Amino acid sequence: MTKNERDEAAMSPRVGLDLNRLVQTAGEIADEHGLDEVTLARLAHRLGIRPPSIYNHVHSLADLRNQLAVYGLKLLAEDMARAAVGRSKDEAVRAVAQAYVAFARSHPGLYEATLRAPDPNHAELREAAEQVVDLVVRVLQAYSLKDEEALHAVRGLRSLLHGFASLEQKGGFGLPLDRDVTLRYIVDTFLAGIRANSSRTAERGKRP
């Protein structure tokens, strides 16, 4: 076999390569080197295929980024759901919060992908994002939040967790304090506010 033939064989499509394998490998690159380092050429090199072969599975780099965001959100939802199993109220919220931050720590590139999808109206992306929201809504139902109040609470918790995760990723916590203790403190403070609001709502409902 000549060198050209060996190179041709090495770059031939791998048996079993599909969209899932493609996205998982892209996720590994994102976590190892950063989301901006995920390119079609780099992905093809990691997989040992020709770059044009990638177009059998995704239409463009933007399409790949959308698929990465979907993949990341699904993994995040799975981690959060596992953390919530067998828990309720404060314990469940704390577990979900810890799972969220743990995901951002373990998958920094994938986490960033969930926030930077090129097409926020992508159908699969919206469905995956709704899974995360629905999970948090179910966890917070124990506090008897009603209608928009529940959605405001979900938005507030997400903002709290994203802010913490982003600051941590960017090295924003310079003081030598245990960050997990900080996370527990701010989540407990959030929960204290939720309980207070729930009590006020219940009192208003009892008034004639």
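Are Tyr100 and Tyr111 buried or exposed? Both are buried. Keep in mind that this is a predicted model. I'll come back to that pair after the helices.

Helices, then. Two packed helices are described by the angle between their axes and the distance between the axes. Take H2, residues 19-33, and H6, residues 108-115. Their axes sit 6 Å apart, at an angle of about 105 degrees. Angles of 65 to 115 degrees count as roughly perpendicular, so H2 and H6 are roughly perpendicular to each other.

Who touches whom? From H2, we have Gly27, Ala30 and Asp31. They meet Pro108, Gly109 and Leu110 of H6.

Now the rings. How many aromatic pairs does the structure hold? There are 2.

Back to Tyr100 and Tyr111. Their ring centres are 5.7 Å apart, with the planes at 80 degrees. Planes over 60 degrees apart count as edge-to-face, so that is what we call this pair. Tyr100 belongs to helix H5, residues 89-106, while Tyr111 belongs to H6. The pair therefore ties together parts that lie 11 residues apart in sequence. And again, both tyrosines are buried.

The other pair is Phe164 with Phe173. Here the ring centres are 5.1 Å apart and the planes stand at 40 degrees, so the pair is tilted. Phe173 is partly exposed, with a relative accessible area of 29%. The cut-off for buried is under 20%.

That's it from me.

Terms used: Residues numbered from 1 in each chain as written. Predicted model: local features only at pLDDT ≥ 70, side-chain atom pairs only at ≥ 80, totals over all residues. Heavy atoms only, no water. Axes fitted to C-alpha atoms, helices over the stretch in contact; angles between N-to-C directions. Helix = DSSP H or I, 4+ residues; strand = E, 2+ residues; numbered from the N terminus. Parallel < 35°, antiparallel > 145°, perpendicular 65-115°, else oblique. Contact = heavy atoms within 4.5 Å. Phe/Tyr/Trp six-rings, centres within 6.5 Å; stacked < 30°, edge-to-face > 60°. Buried < 20%, exposed > 50% of the residue type's maximum accessible area, 1.4 Å probe, protein only.
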